[in-house]
Amino acid sequence: MCRKFRACLRLTEKWLNPNRIRRSQVSRTKVKTGFEEESELSISTESEKNGAIKQEVPEVVTAKTTKKRKTKADKEAEAMPLRPRTQGLRMFVGAHVSAAKGVFNAVNNSMQIGGNAFALFLKSQRKWDNPALQDDHRDQFCQSCSEQEYNAAKHVLPHGSYLVNLAQEDNAKAKQAYNSFLDDLQRCEALGINLYNFHPGSAGQTTLPSALTRLAKALTNALAATSTVTPVLETMCGQGTTIGGSLNEFRDIIAQIPKEHHSRIGICIDTCHSHAAGYDLASPTGFKAFLKEFDEVIGLQFLRALHLNDSKTPRGSHRDLHANIGTGFLGLRAFHNIMNEPTFEDMPMILETPIDRPVSNASRPPTTDTSSATAAHEACASEDSESDLSEPEKPTKKSKAKAKKPTARLIADPSVWANEISLLESLIGMDPESLEFRSLEANLADEGREMREKHQEQHDRKVEAEEKKKKKAAEKGQKSLMDMMKGSSAGKGKKKTADP
Ligand SMILES: [Zn+2]
Ligand SMILES: [Zn+2]
């Protein structure tokens, strides 16, 4: 197993480990989830000022639930969606919503934010052992989808477990990963879902070609064992030995899967990931070139879904940090490109943007209604955090001293998604030269300016350090080569010096 992947798993475990509670840091706030129960979520963040390291991911200190009977008025208020779904669109935008307490709950959670598509986890993405899908949960899911007019076959895109690495080298672990993967595919088929998004995994200590072969073999077996579901490979940010940063890797995977299965293999473009991997999706020409390359290298017939996320980090940073639409390095223009691209019609477009907001300042979108905050943040936050495999920078002495860790109380605020869906849908057919677009674009860019500057600085520092390291290594290499040459030329006479 690769170091990076193990680090990711450790991070996952650490993040989810209840023992992680630091009593001194505990701050509590009552959060009414609006769906199931009253939760006490306590979240703390570390602040970053003058070089102190900010923890990107809110730390869930404790989540305790208490049962409380709801009044009729409470229930009615909860049933009210934050925004109605837009009818008659050819673009199907939604978010990765919570499926806590049963997959059927995801349908209502998507309704709440006016999503015309949605993503969910089919089981806990944190552990290997999960109870089987209950028949009544399955029936309720199917019934809700038909009542609410969601086409589960087309517009529901479950997300695979972060634990699963189908390119795993270790036999026992590969078997465990495959079984969990196949189990998810079978759940999809039981629920009438035809698309299933998952991360391609990582090569670990092995070579990339061998990892792609293992992944292709596992996928082929899973395809042979199922009949209707299409596994959809997600584009990644290309960090470390992670598979899926380059489009070429998808071509190489597909090439190793028998043609008879090709109609049931899909690719999902995650805008944040592909941007971080180095592709230009922001400018209209860059976006067109990206799609052209996708078509030439893989074939657009394989494109089945999108994850719509802006990026906190610059292009080519190989970091996976999702930002709210229009506030990151992609900017609103990137999403204008997407919302007006006919190729993406009828595909699920899923938001995985951050929705945690400070309690005192949960007012980013004007329609914020904190009483209907949902546990859905679990889905979003984990995508953001667990897929960020970058090793945290070591805090300097100075920053350690300054890291006083003031706690900020955060709650999940699904109205952020409701507003982002409205925003994205409004881009369909909008003139990008119009005053309306220009001002939307400028306002959102302004909102994210500080965050972008911070990450640009971090990125520049990292690049500079890497350059220095490379230069040092090259000098060292040249020196030892020269020494070697001197030694050999002393014995054998004159020899041409090799290039460094
Ligand atoms: Zn991500
Ligand atoms: Zn993902």
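Helix axes here are lines fitted to C-alpha atoms over the stretch in contact, and angles run from 0 to 180 degrees between N-to-C directions. The model is predicted.

**Helix packing**

On that basis, helix α6 (residues 171–191) packs with helix α7 (residues 208–225) at an angle of about 35°. Their axes lie 10 Å apart. The crossing of α6 past α7 is right-handed. From α6, the contact draws on Tyr178, Phe181, Leu182 and Leu185. From α7 come Ala218, Ala222 and Ala225. Seven of the contact residues are nonpolar, with no polar and no charged ones.

**Strand β7**

Strand β7 spans residues 230–234 and is mostly covered. Five of its five residues are buried. Thr230, Val232 and Glu234 point one way from β7. Pro231 and Leu233 point the other way. Glu234 is buried along with the others.

**Pairing and crossovers**

β7 pairs with β6 and with β8, as tabulated here.

| Strand pair | Sense | Bridges | A bridge partner pair |
|---|---|---|---|
| β6 (residues 195–198) and β7 | parallel | four | Asn197 and Val232 |
| β7 and β8 (residues 266–270) | parallel | three | Glu234 and Cys268 |

Val232, the bridge partner of Asn197, and Glu234, the bridge partner of Cys268, point one way from β7 together with Thr230.

β6, α7 and β7 form a right-handed β-α-β unit. Another right-handed β-α-β unit is made by β7, helix α8 (residues 247–255) and β8.

Definitions and conventions. Residues are numbered from 1 along each chain as its sequence is written. Chains are lettered from A and ligands numbered from 1 in the order in which they are written. This is a predicted model: local features need pLDDT of at least 70, side-chain atom pairs count only at pLDDT 80 or more; totals for chains, interfaces and linings use all residues. Helices (H or I, at least four residues) and strands (E, at least two) are DSSP runs, numbered from the N terminus. A crossing is left-handed if the near helix is turned anticlockwise from the far one by less than a right angle, and right-handed if clockwise. Two residues are in contact if their C-beta atoms, placed from the backbone, lie within 7 Å. Ala, Val, Leu, Ile, Met, Phe, Trp, Tyr, Cys and Pro count as nonpolar, Asp, Glu, Lys and Arg as charged, and the others, Gly among them, as polar. A residue is buried if 20 or more other C-beta atoms lie within 10 Å of its own, exposed if 12 or fewer, and partly exposed in between; C-beta atoms are placed from the backbone. Two strands pair if DSSP finds at least two bridges between them. A crossover is right-handed if, with the strands pointing away from the viewer, the path from the first strand over the helix to the second runs clockwise.
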